[in-house]
Amino acid sequence: MSGAMPAGHAPVAFGKIAVLLVNLGTPDDPGPGAVKRYLREFLSDPRVVEIPQLLWQPILRGIILNTRPKKSSHAYRQVWMADGSPLAVHSRDAAHRLQAAWGDAVTVDWAMRYGSPGIAARLAALKDSGHDRILVAPLYPQYCAATTATVMDEVGRALAGMRWQPAIRMLPAYHDDPGYIEVLRARTERQIAALPFVPDRILASFHGMPQRTLELGDPYHCQCLKTARLLGEALGREVLVSFQSRFGRAKWLEPATDKVLEALPGKGVTSLAVLTPGFSADCVETLEEVALRGKESFLGSGGRNFAFLPCLNADADAIRFYQALLGRELAGWTEGLPRQDG
Ligand SMILES: C=CC1=C(C)c2cc3[nH]c(cc4nc(cc5[nH]c(cc1n2)c(C)c5CCC(=O)O)C(CCC(=O)O)=C4C)c(C)c3C=C
Ligand SMILES: [Fe+2]
Ligand SMILES: [Fe+2]
């Protein structure tokens with residue numbers, strides 16, 4: 001909508017509401033060049049690697065970006081989908097399906113914190129098309145400075161360049177939201193019932209973080225443990241916890257997923273189901289590290305049956321959950337208030 005404006009006023013559209021789903025970001029293609037560009041941006045974020053840039057940049061540019069892209073490219077190639085990177089495909093599909101479920105009342109868009117489509121570009125496009133109330137939804141169930149906070153940092157940088165800023169709301173962490181626990185419970189039961197074996201144990205593998213971040217007060221570790229505890233209570237059985245994707249030399253949260261997978265068969269656990277409830281969408285970390293490499297190492301250590309249970313992605317139950325979760329955050333925007341058109 002754009003209403004009557006005084007003479008000389010630049011034409012501006014306003015009056016619409018949007019939701020911007022945000023995920024981490026992923027390379028544009030699985031080749032080492034694109035992976036290198038992606039890693040350079042991601043690992044240069046001081047929220048992600050908390051080493052002074054003066055010390056870190058020479059290590060990043062001199063060592064990491066000359067070695068890791070090749071290795072990571074191999075991992076990406078193993079999971080790349082016909083339409084692109086799994087993280088991007090699932091994020092885009094979730095946005096489209098949520099839009100279809102909601103109809104015209106709210107515009108649903110999606111962005112990536114690193115790479116494309118970028119947050120600043122999508123916020124600018126939403127604003128230019130008349131969205132003056134935007135709910136930014138980082139799809140990380142657990143709050144973490146390296147994931148959630150950096151989204152808000154980027155939103156702030158994008159708004160800094162706008163004369164008429166849209167009103168912004170931010171989806172809080174939903175690690176203990178009853179709707180999140182319920183959708184996890186129902187999926188996990190359904191996924192397990194469809195397996196050709198009965199798992200002795202269920203393992204929840206979360207992305208790791210440096211141990212130091214816990215000591216500095218990041219709630220991520222506690223929130224991961226709470227998600228797993230509530231899921232275990234809902235399922236009526238224990239859910240083991242581990243932390244994956246260690247990066248760098250510092251001590252990371254423990255126990256490490258790779259070590260747990262190697263050790264479980266020796267403790268009599270030979271049939272295992274693994275879920276990754278710290279990720280909203282499957283990506284290289286869940287599909288390559290857990291579903292492929294994790295399986296290999298569990299079976300190579302004496303395990304007999306291994307199943308990876310996919311993330312929420314853009315499945316129908318996930319869309320129903322997001323509709324309820326995000327609908328609640330939109331309260332007061334979508335009902336009650338007559339929207340102005342000039
Ligand atoms: C879900 C929460 C995530 C946290 C917490 C997180 C922290 C974190 N990650 C790295 C380093 C890497 N992560 C990589 C991929 C990656 N990480 C997350 C999510 C979290 N990361 C996702 C969803 C993805 C997948 C992206 C995709 O394209 O599919 C990578 C790149 C892949 C690789 O080379 O292994 C790195 C590197 C750090 C250092 C960190 C916290 C300090
Ligand atoms: Fe990561
Ligand atoms: Fe990884």
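In this predicted model, helix α3 is followed by G103, a residue whose phi is positive and lies near 75°. Residues are numbered from 1 along each chain as its sequence is written, and chains are lettered from A in the order in which they are written. Because the model is predicted, local features are reported at pLDDT of at least 70 and side-chain atom pairs at pLDDT 80 or more, while totals for chains, interfaces and linings use all residues. Helices (DSSP runs of H or I, at least four residues) and strands (runs of E, at least two) are numbered from the N terminus.

Helix α3 covers residues 86–102, and its 17 residues, at 1.5 Å a residue, should span 24 Å, which agrees with the 24 Å between its end C-alpha atoms; the expected span is 1.5 Å times one less than the number of residues. The buried residues of α3 (20 or more other C-beta atoms within 10 Å of their own, against 12 or fewer for exposed and values in between for partly exposed, with C-beta atoms placed from the backbone) are P86, L87, A88, V89, H90, S91, A94, A95 and L98. Their cover includes β1 (16–25), α2 (53–79), β2, α10 (284–300) and α11, where contact requires C-beta atoms, placed from the backbone, to lie within 7 Å.

Helix α11 also meets α6 (residues 178–193), and the two axes come within 10 Å and cross at roughly 170°. Axes here are lines fitted to C-alpha atoms, for helices over the stretch in contact, with angles from 0 to 180 degrees between N-to-C directions. The two helices, α6 and α11, are therefore roughly antiparallel, a term for angles over 145 degrees, whereas those under 35 are roughly parallel, 65 to 115 roughly perpendicular and the rest oblique. On the α6 side G179, Y180, V183, A186 and R187 take part, and they meet D317, A318, F321, A324 and L325 of α11. This contact between α6 and α11 comprises 7 nonpolar, 1 polar and 2 charged residues, counting Ala, Val, Leu, Ile, Met, Phe, Trp, Tyr, Cys and Pro as nonpolar, Asp, Glu, Lys and Arg as charged, and the others, Gly among them, as polar.

Several loops contain backbone features of note. A cis peptide bond with omega of about -5° joins S116 and P117, and P117 lies in the loop between β2 (107–114) and α4 (119–128). Another cis peptide bond, with omega of about 0°, joins E254 and P255, the latter in the loop between β6 (239–244) and α9 (257–263). The loop between β6 and α9 also holds S245, a residue other than glycine with a positive phi near 60°; S245 counts as partly exposed because it has 18 C-beta neighbours inside 10 Å.

Methods. Two residues are in contact if their C-beta atoms, placed from the backbone, lie within 7 Å.
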